[in-house]
Amino acid sequence: MGSPTQISRAFLIIHSPLAPISSMSFKLQARAETMNPNPSEKEKKRTTDLGNGSEIIYFPRFLPFDDSWKWFHYLDKEIPWTRPSIHVFGRSCIQVHEALPGSSFNSLLLNRYKTGSDYVAWHSDDEKLYGPTPEIASLSFGCDREFLLRKKPSKSPKVQAPSASCMEEPANKRLKKNNQVDQHSLALKHGSLLVMRGYTQRDWVHSVPKRAKIEAVRINLTFRHVL
């Protein structure tokens, strides 16, 4: 399911024998070896059960604050950002596998949000090349941006009469309860890691909306497994 976007992008194939090896990829790998996640910070992860086999995991401080800024400045200056075409040019860098046992990422998409006017519209990464239950890890650097997650409408909604207790509640409270179930919002902070698992792409859509007052840059690395 494609999505309208207005961001700069670059693309990496992870450990692919067909991918050309550039000097930039070696620099990324060298930096990865010296910038391992802080174990004490990773323990603060938050897991949200979305129901029906869908789940998101959020590490607010996956990487140390200062190291995250080193990553940000390096990526911002050294990556050959393009808009909107995608180029394959090297191997990978950050080892998020350590935080996610059992993961097998083999592709990396890099996104650069120049200001709050750059965005990604509502979409789900449910293409067949990712499989039925894709695991997607998103690492953020730079400016905090809002991440929205919204449940897809049911194909065959069941009409159910409201219960007596529900009728006694004001309409605004009932609406708030529904929104809490069907939509989630996270602030993707500098150095954070967000993971979407299970049937999240089948049952939910997500977006990074425009925010007019934001003038700073955000860089996002998205890890996937392509079949």
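**Figure 1. Arg 150 and Arg 202 each sit over an aromatic ring.** Arg 150 lies over the face of Trp 122, at 4.0 Å from the ring centre. Arg 202 places its charged end over the ring of Tyr 199, 3.9 Å from the centre. A charge counts as over a ring if NZ of Lys or CZ of Arg is within 6 Å of the ring centre and within 35 degrees of the ring normal. The model is predicted: local features need pLDDT of at least 70, side-chain atom pairs count only at pLDDT 80 or more, and totals for chains, interfaces and linings use all residues. Residues are numbered from 1 along each chain as its sequence is written, and side-chain values use heavy atoms, with hydrogens and water left out.

**Figure 2. Phe 65, Trp 69 and Phe 72 form one aromatic cluster.** The count of aromatic pairs comes to five. Rings of Phe, Tyr and Trp (its six-membered ring) pair if their centres lie within 6.5 Å; planes under 30 degrees apart are stacked, over 60 edge-to-face, and the rest tilted. The rings of Phe 65 and Trp 69 have centres 6.3 Å apart and planes at 80°, so this pair is edge-to-face. Phe 65 and Trp 69 are four residues apart in helix α3 (residues 65-78), separated by about one helical turn. Helices (H or I, at least four residues) and strands (E, at least two) are DSSP runs, numbered from the N terminus. The rings of Trp 69 and Phe 72 have centres 5.3 Å apart and planes at 85°, so this pair is edge-to-face. Trp 69 and Phe 72 both lie in helix α3, three residues apart, about one turn of the helix. Phe 65 is partly exposed at 41% relative accessibility. Trp 69 is partly exposed at 30%. Phe 72, at 8%, is buried. Buried means under 20% relative accessible area, exposed over 50%, and partly exposed in between (1.4 Å probe, protein chains only).

**Figure 3. A salt bridge joins Asp 125 and Arg 224.** The closest N and O atoms of this pair are 3.3 Å apart. Asp 125 lies in the loop between β5 (120-123) and β6 (136-142), and Arg 224 in strand β11 (residues 218-224), so the pair ties together parts that are 99 residues apart in sequence. Asp 125 and Arg 224 are both buried. A salt bridge is a side-chain nitrogen of Lys or Arg within 4 Å of a carboxyl oxygen of Asp or Glu. By this rule the model has nine salt bridges.

**Figure 4. Asp 144 pairs with Lys 189 in a salt bridge.** The closest N and O atoms of Asp 144 and Lys 189 are 3.6 Å apart. This pair links distant parts of the chain, 45 residues apart. Asp 144 is in the loop between β6 and β7 (145-151), while Lys 189 is in the loop between β8 (183-188) and β9 (193-198). Asp 144 is partly exposed, with a relative accessible area of 35%. Lys 189 is partly exposed too, at 34%.

**Figure 5. Arg 211 meets Glu 146 in a salt bridge.** The N to O distance is 2.3 Å. Arg 211 lies in the loop between β10 (204-208) and β11, and Glu 146 in strand β7, so the pair ties together parts that are 65 residues apart in sequence. Arg 211 is partly exposed, with a relative accessible area of 33%. Glu 146 is partly exposed at 25%. Elsewhere, salt bridges that share partners join Glu 55, Glu 135 and Arg 197 into one network.

**Figure 6. Asn 52 is one of the residues lining the second largest pocket.** The pocket volume is about 210 Å³. On a 1 Å grid over the protein atoms alone, a pocket is an open set of points where a 1.4 Å probe fits, with protein on both sides within 12 Å along at least five of seven lines; lining residues have an atom within 4 Å of a point. Grid points are joined across faces, edges and corners, and the volume is the space filled by probe spheres set on them. By class, the lining has one nonpolar, two polar and five charged residues. Ala, Val, Leu, Ile, Met, Phe, Trp, Tyr, Cys and Pro count as nonpolar, Asp, Glu, Lys and Arg as charged, and the others, Gly among them, as polar. Asn 52 lies in the loop between β2 (46-51) and β3 (54-59). Asn 52 is exposed, at 59% relative accessible area. Its phi is near 55°, a positive value in a residue other than glycine.
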